[in-house]
Amino acid sequence: MQDIYPDFYRRFRCIANRCEDSCCKDWDIDIDSATEAFYQTVQGSLGDKLRCKLVTDEYGERVFKTENGRCPFWNDDMLCDIFIGIGEEHLSRTCDSFPRVCVDYGVFSEHILSFACPEAARLMLRSDDGAYDDFGGDIELQAAEKDDGYLSFLLKARERSAQIFLDRSLPFAYRLADCLELNAQVQALLQGEEPQPLEPCEEPADSTDFLFDLHLGFEIMSPRWREALQEAARQGDAAAASEAFERDFEKFALYYLYRYYLEAVRSGDVLYAVRRIVCAYFVTGRLDAAFAAKGYPLPRMRILQRYSKEVEHSYDNTEALNAAFDADPRFSAESLIALLERSVP
């Protein structure tokens, strides 16, 4: 088994109470069975609190539920009482690993950091073009070709998509349109069909407002995020993405591509990942323009990081996106391409 890492992965260090956001904020904390078993043995007031706060959520998972948007063990100094009281080794698997993500594809595993962590987001935004050089490289391709031609095909398609994202001779909206067109052909091949050139969309959406309607209907953790979405929604498509935003969004798009594209191994659909990137581009681009007009009360990194935390890391929101992709013709590759091409001045 080969383990693949981006070059910035091992530079990550949690900055604890210096973080402008926190994995202790807004999220219920999953507790694995081994950690729960240990917490049942902890003595004293901390042990009593551990057992009191450990509950079963609506999905049947054992969790610490947030209280006023905070983990009950995140203290006033923004440090963890569990870490302080019984040591880092007794954090739950979720707390110990985040923002590190490992995805096992059988013949290799890919490791990445989540953009929902501000410090991880900073590392990715500062990374160079070679950050993911080992992803889709000889080690992965050789392992995939020996074991699974389908996986090998997806690796090559993902790498071609990444090359499109890095073609800086084009505005990023055009790169996204090209990536959609490529992956519409890839999807046809996956379905055993002959790829056909995409026809121009006969009835494209009038604007991207429907994306804001969808996102405002999601499960939203932060009232400030809802207010920001509402304000950006009011501005309409006139709030165009800046070149500076596109440079940063390129890094976000590469993260999303390397994190989610190979989910098609299980779902059979490469367009899910690309459509999610398109949604993020329009929503965060308009948010960035709205915040630029106000002197950036929320920095661009935080806009992208918060999108990841609010949308990407919510199972319900991801399922709602996928359901919309399946049911709403405005999410067809042709319609999204028309929107992207129209967004470039």
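Predicted model: local features only at pLDDT ≥ 70, side-chain atom pairs only at ≥ 80, totals over all residues.
Local features require pLDDT of at least 70 and side-chain atom pairs pLDDT 80 or more, whereas totals for chains, interfaces and linings use all residues. Residues are numbered from 1 along each chain as its sequence is written, and side-chain values use heavy atoms, without hydrogens and water.

The protein chain has 16 helices and 6 strands, which are DSSP runs (H or I, at least four residues; E, at least two) numbered from the N terminus. Its radius of gyration, taken over C-alpha atoms, is judged against 2.2 Å times the number of residues to the power 0.38. For 345 residues this rule gives a value near 20 Å for a compact globule, and the 21 Å of the protein chain agrees.

| Property of the protein chain | Value |
|---|---|
| Accessible surface (Shrake-Rupley, 1.4 Å probe) | about 16,300 Å² |
| Part of that surface on carbon and sulfur atoms | 48% |
| Buried residues (under 20% relative accessible area, 1.4 Å probe, protein chains only) | 52% of 345 |

A nonpolar core joins buried Ala, Val, Leu, Ile, Met, Phe, Trp, Tyr and Cys residues through side-chain atoms within 4.5 Å. The largest has 94 residues, and Leu340 is among those touching the most other members. Helix α13 (residues 271-293) gives the most to this core, 14 residues. Apart from it lies another core of 15 residues, including Phe64 and Ile82.

Phe83, in helix α3 (residues 81-86), counts as partly exposed because its relative accessibility is 40%, between the 20% and 50% limits.
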